[in-house]
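Keep the viewer open as you read.

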Amino acid sequence: DRDTEEKYPIMGAGKHKYLWADNTTPEPLKLSAPAYVRRLFEWIEGQLNDENIFPTSVDQPFPSNFKARVSRIFRRLFRVYAHIYYAHFEYIVHEKAEAHMNSCFKHFIVFSKAHRLVDSKEMAPLRFVIKQLLRHEEQDSGHAEAYASMNDAQTEGGAISGAIAKDRTHKSVSSTSSSQSHYHETPESAPEDVHLSENQDQGRHKGSDASSKGSTETKS
């Protein structure tokens, strides 16, 4: 009852809004947070059960775009983490579950960075949270050290709350012409995501070309 369609009519993390697109949607959809998450996990289950993407036979090779597909899964999962930190972290702290949350997210980030699955622009909504969680790791240090310090996540409570406050008020570098950032993904046949500012998103719904004057479209 904490993540309802009434409270969160558009999936997002503060000013960062996430639109849904797949091979069944002619146009990106503005879904509520619970609807987005339900659709996401149904979509991920479909991806994992697809033998053409995740073959279970040793005789069947992985597809040539396997990493791009896994990266898309991780990008979308990051958005769930971002929403949780922005909208529900206070409740997580109240339930004394922040150590588990921070540890899970730190594992996720270290793995994503090690395999370059999520672009830094996509991680922008939680830049300060990530910086706080990884503060003991050098930028180019071995990942063994990063995993060895996972227990640090259990003592992050107040520091993470402060980092979330910074992320909430920090101006997004990818939305200098707008107070909001809209992210949507292109259909399954396309390999890249597209970041749109609020102005571009409004232009799309008015039928204007995304490459028109003033456009700041960036492919990640």
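How are helix 1 and helix 2 oriented to each other, roughly parallel or roughly antiparallel? The model is a predicted one, and the answer comes from its geometry. Two packed helices are described by the angle between their axes and the distance between the axes. Here helix 1 (33-48) packs against helix 2 (residues 66-94) at an angle of about 155°. Their axes lie 11 Å apart. Angles over 145 degrees count as roughly antiparallel, so helix 1 and helix 2 are roughly antiparallel to each other. The crossing of helix 1 past helix 2 is left-handed.

Now look at the residues that make the contact. Helix 1 contributes A33, Y36, V37, L40, F41, W43, I44 and Q47. Helix 2 answers with R69, R72, I73, R76, L77, R79, V80 and H83. Sorted by class, this contact has 10 nonpolar, two polar and four charged residues.

S32 sits in the loop that links strand 2 (16-19) to helix 1 (33-48). Is S32 buried or exposed? S32 has a relative accessible area of 8%. The cut-off for buried is under 20%, so S32 is buried. Beyond residues up to four places away in sequence, S32 touches E5, Y8, P9, I10 and M11. E6 belongs in this picture too: its C-alpha atom is 8.2 Å from that of S32, although 26 residues separate the two along the chain.

Next, the nonpolar core. The largest one holds 40 residues. Among its members, F78, Y85, F105, I109, L126, V129 and I130 touch the most other members. Helix 1, helix 2, helix 3 (98-114), helix 4 (127-133) and helix 6 (157-169) each supply at least two residues of this core. Helix 2 gives the largest share, 11 residues. Leaving aside neighbours within four places in sequence, I109 is in contact with F78, M123, I130 and L134.

Finally, the whole chain. The secondary structure comes to seven helices and five strands. From the N terminus on, the order is β-β-α-α-α-α-α-α-β-β-α-β. The protein chain has 220 residues, and buried residues make up 45% of them. Which share of the contacts with a separation of 6 or more comes from residues 24 or more positions apart? Such pairs account for 63% of those contacts.

Definitions and conventions. Residues are numbered from 1 along each chain as its sequence is written. This is a predicted model: local features need pLDDT of at least 70, side-chain atom pairs count only at pLDDT 80 or more; totals for chains, interfaces and linings use all residues. Side-chain values use heavy atoms; hydrogens and water are left out. Helices (H or I, at least four residues) and strands (E, at least two) are DSSP runs, numbered from the N terminus. Buried means under 20% relative accessible area, exposed over 50%, partly exposed in between (1.4 Å probe, protein chains only). Contact means heavy atoms within 4.5 Å. Axes are lines fitted to C-alpha atoms, for helices over the stretch in contact, and angles run from 0 to 180 degrees between N-to-C directions. Angles under 35 degrees count as roughly parallel, over 145 as roughly antiparallel, 65 to 115 as roughly perpendicular and the rest as oblique. A crossing is left-handed if the near helix is turned anticlockwise from the far one by less than a right angle, and right-handed if clockwise. Ala, Val, Leu, Ile, Met, Phe, Trp, Tyr, Cys and Pro count as nonpolar, Asp, Glu, Lys and Arg as charged, and the others, Gly among them, as polar. A nonpolar core is a set of buried Ala, Val, Leu, Ile, Met, Phe, Trp, Tyr and Cys residues joined through side-chain atoms within 4.5 Å.
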